[in-house]
Amino acid sequence: MHPKQLLERYQIEPKKSLGQNFLHDEGLLGRIVAAADLSPDDDVLEVGPGLGALTRVLARAARRVVAVELDERLLPVLESELGGLGNVELVHGDVLELDPADWFAAPYVVVANVPYYITGAILRHLLGGRPRPRRLVLTVQREVADRLTARPPEMSLLAVSVQYYGRARLVSTVKAGAFWPRPEVDSAVVRID
């Protein structure tokens, strides 16, 4: 179901302050999960599951998905949409205030369509924690993707700090029309190993 219809059913308006733009392109969701190279033994952290579209695809590919959602208004939607998936654990909270060690004893994979305004903070929090993710596949603002994957001499502090932990590469670009509501900028999928 299109995000607009689902939100109307629950009488929810997207919050710009939370960077809520919901990815609805089914083909792109599949390509994001494929870029994560998940196996049936993988545990996944999804930051900001929103309406659960990416979560459903992740649940088919991984052993376990821990989906952390900040917006309590979306919890009834997620519970309804993901209710039949026994390998999905829905967590209400701010990922920046939570410790991944509470859910993961070993390295895990992060797959997320992250709110653009906190991309750097999420990367610092997860890459600096224990256990560290072994792979991250993130949909981010195109400009941020370019900064993350930059090479000398164009590297920013963000690029240096992320590339200290792993190799960042651009997987694909994402047009603004793949989201609802449509953001003002294009996005990109980045993989960090």
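Q: Hi! Let's start with Arg-191: which backbone oxygen does its side chain reach?
A: In this predicted model, the side chain of Arg-191 reaches the backbone oxygen of Ala-35, at 2.7 Å.

Q: Where does Arg-191 lie, and is it buried or exposed?
A: Arg-191 lies in strand β9. Its relative accessible area is 8%, and buried means under 20%, so Arg-191 counts as buried.

Q: What does Arg-191 touch, leaving out residues up to four places away in sequence?
A: Its contacts include Ala-35, Ala-36 and Asp-37, then Arg-135, Leu-136 and Val-137. Arg-167, Ala-168, Arg-169 and Val-171 are touched by Arg-191 too.

Q: Which residue is the bridge partner of Val-137 in β9?
A: That partner is Arg-191. The strands β6 and β9 run antiparallel, and 6 bridges join them.

Q: And how does β6 run relative to β5, parallel or antiparallel?
A: Those two run parallel, joined by 5 bridges. Ala-112, for instance, has Leu-138 in β6 as its bridge partner.

Q: How many residues of β6 are buried?
A: 6 of the 7 are buried, so β6 is largely enclosed by the rest of the structure.

Q: Which residues of α5 are buried?
A: Helix α5 covers residues 119–127, and the buried ones are Thr-119, Gly-120, Ile-122, Leu-123, Leu-126 and Leu-127. Seen down the helix axis, these buried residues fall within an arc of 160 degrees, so they line one face of α5.

Q: What covers the buried residues of α5?
A: Several elements take part, including the strands β2 (43–47), β5 (109–113), β6 (135–141) and β9 (187–192). The helices α6 (142–148) and α7 (157–165) are also among them.

Q: Now the largest nonpolar core. Which residues touch the most other members?
A: Of its 29 residues, Leu-45, Leu-123, Leu-136 and Leu-138 touch the most other members. Two or more residues each come from β2, β3 (64–69), β5, α5, β6, α6, α7 and β9. The largest share, 4 residues, comes from α5.

Q: What does Leu-45 touch, not counting residues up to four places away in sequence?
A: Leu-45 touches Val-66, Val-68, Phe-104, Tyr-108, Val-109, Val-110, Val-111 and Leu-126.

Q: How many residues of β3 are buried?
A: 5 of the 6 are buried, so β3 is largely enclosed by the rest of the structure.

Q: Which residue in β4 stands opposite Val-66?
A: Glu-89 does. The strands β3 and β4 pair in the parallel sense over 5 bridges. The chain gets from β3 to β4 through α4, again in a β-α-β crossover that is right-handed.

Q: Changing topic: where is Asn-87?
A: Asn-87 sits in the loop between α4 (75–82) and β4 (88–92). Its side chain reaches the backbone oxygen of Ala-59 at 2.9 Å. A polar atom of that side chain also lies 3.4 Å from the backbone oxygen of Arg-63.

Q: Which residues is Asn-87 in contact with, leaving aside neighbours within four places in sequence?
A: Ala-59, Ala-62, Arg-63, Arg-64 and Val-65.

Q: Last one: is Arg-60 buried or exposed?
A: Arg-60, which lies in helix α3, is exposed, with a relative accessible area of 66%. Arg-60 and Leu-85 are 25 residues apart in sequence, with 9.0 Å between their C-alpha atoms.

Technical notes. Residues are numbered from 1 along each chain as its sequence is written. This is a predicted model: local features need pLDDT of at least 70, side-chain atom pairs count only at pLDDT 80 or more; totals for chains, interfaces and linings use all residues. Side-chain values use heavy atoms; hydrogens and water are left out. Buried means under 20% relative accessible area, exposed over 50%, partly exposed in between (1.4 Å probe, protein chains only). The arc is that of the directions from the helix axis to the C-beta atoms. Contact means heavy atoms within 4.5 Å. Two strands pair if DSSP finds at least two bridges between them. A nonpolar core is a set of buried Ala, Val, Leu, Ile, Met, Phe, Trp, Tyr and Cys residues joined through side-chain atoms within 4.5 Å. A polar contact is a pair of N or O atoms within 3.5 Å; within protein, one must be able to donate a hydrogen and the other to accept it, and residues adjacent in sequence count only if both atoms are side-chain atoms. A crossover is right-handed if, with the strands pointing away from the viewer, the path from the first strand over the helix to the second runs clockwise.
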